[in-house]
Amino acid sequence: GSFTNTMLQLQMLVRDRTAQQQAVRKYLQDHRISSVLSVSVKEFIKYHIEIVQQHAQDAKVLETLPEDLLTDLHHEAHSPSLLTYGWFRTLSKLYPRTLRSVCHEAVKPMFSRAGSVIFLS
């Protein structure tokens, strides 16, 4: 039943992750990438895989919510990050419903390294 399906999904995830890691190791070796950069690449890929899996789990849970409730949820979840930038604070003051729509429709997960510049103030 459900337990068997869960175990099969887990096995597939482990197999996929192992295949991705092997492909990355091969690429790094084949192209003689330095060990310092190789470590950074491997760490980022590990982080990326974890985030993608978490996002997939979150999406599965949230897909049951009605659209208006999901929009409210996205607004509360994403607006604090956006409001650290002056342009979004101005948008929020002048057009609060637009910011709500941006949080729901336009904000998507993005994968970057720590310290990467996403927006310039």
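Modeller: Buried means under 20% relative accessible area, exposed means over 50%, and partly exposed lies in between, with a 1.4 Å probe and protein chains only. By that cut-off, 12% of the 121 residues of the protein count as buried. This is a predicted model, in which local features need pLDDT of at least 70 and side-chain atom pairs count only at pLDDT 80 or more, while totals for chains, interfaces and linings use all residues. Residues are numbered from 1 along each chain as its sequence is written, and side-chain values use heavy atoms, without hydrogens or water.

Biologist: What makes the fold pattern α-α-α-α-α?

Modeller: The protein has five helices and zero strands. Helices here are DSSP runs of H or I with at least four residues, strands are runs of E with at least two, and both are numbered from the N terminus. Read along the sequence, that gives α-α-α-α-α.

Biologist: Why is the protein called more spread out than a compact globule?

Modeller: Its radius of gyration is 19 Å, well over the 14 Å that the globule rule gives for 121 residues, so the protein is more spread out than a compact globule. The radius is taken over C-alpha atoms, and the rule is 2.2 Å times the number of residues to the power 0.38. The C-alpha atoms fill a box of roughly 55 × 45 × 15 Å along the principal axes.

Biologist: How many of the contacts between residues at least 6 apart join residues at least 24 apart?

Modeller: The share is 56%. Contact means heavy atoms within 4.5 Å.

Biologist: Why are α3 and α5 called roughly perpendicular?

Modeller: Two packed helices are described by the angle between their axes and the distance between the axes. The axes of α3 (residues 67–82) and α5 (residues 96–106) come within 8 Å and cross at roughly 100°. Axes are lines fitted to C-alpha atoms, for helices over the stretch in contact, and angles run from 0 to 180 degrees between N-to-C directions. Under 35 degrees is roughly parallel, over 145 roughly antiparallel, 65 to 115 roughly perpendicular, and the rest oblique. The two helices are therefore roughly perpendicular to each other.

Biologist: Which residues make that contact, and of what classes?

Modeller: From α3 they include H74, H75, H78 and L82, and from α5 they include L99, V102, C103 and H104. The contact divides into five nonpolar, six polar and five charged residues. Ala, Val, Leu, Ile, Met, Phe, Trp, Tyr, Cys and Pro count as nonpolar, Asp, Glu, Lys and Arg as charged, and the others, Gly among them, as polar.

Biologist: What makes α4 oblique to α5?

Modeller: They pack at about 125°, with axes 5 Å apart. That angle makes α4 oblique to α5. F88, L91, S92, K93 and L94 of α4 meet P96, T98, L99 and V102 of α5. The classes here are six nonpolar, two polar and one charged.

Biologist: What makes a nonpolar core, and which residues form the largest?

Modeller: It is a set of buried Ala, Val, Leu, Ile, Met, Phe, Trp, Tyr and Cys residues joined through side-chain atoms within 4.5 Å. The largest has five residues: L82, F88, L91, L99 and C103. The elements giving two or more residues to it are α4 (86–94) and α5. Beyond four places in sequence, L91 touches P96, T98, L99 and V102.

Biologist: Why does H74 count as buried?

Modeller: H74 is found in α3. Its relative accessibility is 17%, so H74 counts as buried. Beyond four places in sequence, H74 touches S79, C103 and H104.

Biologist: How do you know that S38 is buried?

Modeller: Its relative accessible area is 9%, so S38 is buried. S38 lies in α2 (residues 35–62). Leaving aside neighbours within four places, S38 is in contact with L28 and I33.

Biologist: Why are E50 and I51 called partly exposed?

Modeller: E50 has a relative accessible area of 37%, so E50 is partly exposed. I51, at 29%, counts as partly exposed too. E50 lies in α2, and I51 lies in α2. E50 and L65, 15 residues apart in sequence, are 24 Å apart, C-alpha to C-alpha. The C-alpha atoms of I51 and P109, 58 residues apart along the chain, are separated by 8.7 Å.

Biologist: What is phi of R32, and why does R32 count as exposed?

Modeller: Most residues other than glycine have a negative phi. Phi of R32 is near 50°, a positive value in a residue other than glycine. R32 sits in the loop between α1 (2–30) and α2. Its relative accessibility is 77%, so R32 counts as exposed.
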